[in-house]
Amino acid sequence: MRSLPSIIHLDMDAFFAAVEQAAKPSLRGKPVIVGGLGGRGVVSTASYEARKFGVHSALPMAQARRLCPNAAFLAGRFEAYRQVSDTVMGLLRELSPLVQPLSLDEAFVDLEAGPYGPVLAEADHETGERLVLALAEDLRADIQRLTGLTGSVGAAGSKLMAKIASEQAKPDGLVLIEPGQERAVLGPLPVRALPGIGPATEQVLRRAGLSTVADLAEAGEAELVQLLGRAHGAGIHQMSIGLDERPVVADQDAKSVSVEDTYEVDLADRERVLREVEALAARCVRRLRAAGRSGRTVVLKVRRFDFSTLTRSETLGGPTDDEAVITATARRLAEQVDITGGVRLLGVGVAQLADYTQEDLFAQALREEAEEHTAAAAEAAAVESEEEPEAAVVRRWLPGQDVRHAEFGPGWVQGSGVGRVTVRFETPWSGPGRVRTFAVDDPALEPSRPLPLRREEGATSAEGAGSGGDGDGSGEGG
């Protein structure tokens, strides 16, 4: 454990939603919800304005619509999030070569390994803390200057406490936990505050009467090992008393993303197993997207009643983050597994990871569009004569998607339906823009790449042509 709080943890505030608000002036100060917009979609990120209504990450989108019906509901724009993330991570690497990204919007930094390391090593405790605070404040100011976004920073002597500090700093704050204060800070927190404690472990601990981190520390290592097993129990006890020796690992490149659950009662019903696999696949996709990745190989893990463990995998034609594709593949793998005697554990993972591509983002929408067109064509063929012309395939526009019109310039899709698409024409550096409606197949309207959140040097005001005036319009996401 360090005597100086020289490990910092940065966590951007409501990242996906904040990027959308920065890119779309008409949404600033309003509730914004980003996630899957289909019937089984879930919330990826909610702005703080939406959180006041009870909306949070992983909430079913249908429930989010009931809680906050007037929010802007947007599909994700992962190319935009990646661009902003690259800027933020670049600032972190100026502080130290030891930067460990956890996702697009979250990372640990070891300040002792960077250019200020020698100064921190020679400084007395008070001077060292002042320097850490100054570096963290400069970092937050630089992020806001370059992106217009806010981030919360925690500083401590370990990764565990730095992350706890950044949680306490939210939103848009800075908290430093002095080495030696770990147990005082951790004690009142719920057990879920510790990494490695999920819903299943929490229930085991709660049944044993352990609900706070202080309870874990008082229970002692022997009792936790008895409850959770040797490795897990010992690790949880170490963290409960504030001990965390994990180093910051630079540019850690995960080879896979996975989630798993252990069940209190073995699952013996095939349909129940398949439902659990579908839920795990959905969680895996959320984690995959949060890391800004897509993957080519879907992996199923099954631990049976006798503790024997098997894995099944299927490699797809290309990397994807498509929840429907990953869920269908995982379910297909599960249907091939013998569950006689029951299943203790299930896991779903995605391997052979790749960075997001624009095709990943729209893969599901394009597939659904093709399926809808095929169904419509088949229905039309059944009732129309052979002389009737085949209906033309029309483009599908997603709420929040970047577009450009030949006359009105850059904008974003506010909503679409009944053969029409509503677009708000504005840029990150303009005021709220005009809303206009077009036919979905208007040849003058095309998808476009995201604009930077800050105007580039030498840029002219031509990019904002078509903006100005609120205008009236309708459509999802307003």
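# Hairpins, sheets and a cavity

Me: How many residues does the hairpin use to join E13 to E14?
Reply: Strands here are DSSP runs of at least two residues (helices, H or I, need at least four), numbered from the N terminus. E13 and E14 run antiparallel and share 4 bridges; two strands count as paired once DSSP finds at least two bridges between them. Within that pairing, Arg 404 sits opposite Pro 410 of E14. The hairpin from E13 to E14 passes through 3 residues.

Me: What kind of model is this?
Reply: Numbering starts from 1 along each chain as its sequence is written, and side-chain values use heavy atoms, with hydrogens and water left out. Local features need pLDDT of at least 70, side-chain atom pairs count only at pLDDT 80 or more, and totals for chains, interfaces and linings take in all residues, since this model is predicted.

Me: Which residue takes a positive phi in the hairpin of E14 and E15?
Reply: As a rule, most residues other than glycine have a negative phi. In this hairpin, with 2 residues between the strands, a phi near 55° belongs to Val 418.

Me: How many residues of E14 are buried?
Reply: Buried means under 20% relative accessible area, exposed means over 50%, and partly exposed is in between (1.4 Å probe, protein chains only). E14 is largely enclosed by the rest of the structure because its buried residues, out of 9, number 7.

Me: Which strand gives the largest share of the lining of the largest cavity?
Reply: A cavity is a set of points on a 1 Å grid over the protein atoms alone where a 1.4 Å probe fits but cannot get out, and lining residues have an atom within 4 Å of a point. The lining of the largest cavity holds 15 residues, with Ala 23, Asp 402, Gly 411, Glu 426 and Leu 451 nearest its centre. Strands E13 (402-405) and E14 (409-417) are the elements that give two or more residues to it. The largest share, 3 residues, comes from E14.

Me: About how much space lies in the largest cavity?
Reply: The model has 2 cavities of 30 Å³ or more. Grid points are joined across faces, edges and corners, and the volume is what probe spheres set on those points fill. For the largest cavity that comes to about 100 Å³.

Me: Which loop holds Pro 171?
Reply: The peptide bond from Lys 170 to Pro 171 is cis, with omega near -10°. Asp 172, in that stretch too, has a positive phi of about 55° and is partly exposed at 39% relative accessibility. Pro 171 is in the loop between H7 (159-169) and E8 (174-176).

Me: Is Ser 240 buried or exposed?
Reply: Ser 240 lies in H12 (230-240). Contact means heavy atoms within 4.5 Å, and beyond its neighbours within four places in sequence Ser 240 touches Leu 186, Leu 194, Val 213, Leu 216 and Ala 217. At 2% relative accessibility, Ser 240 counts as buried.

Definitions and conventions
On a 1 Å grid over the protein atoms alone, a cavity is a set of points where a 1.4 Å probe fits but cannot get out, and a pocket is an open set with protein on both sides within 12 Å along at least five of seven lines; lining residues have an atom within 4 Å of a point.
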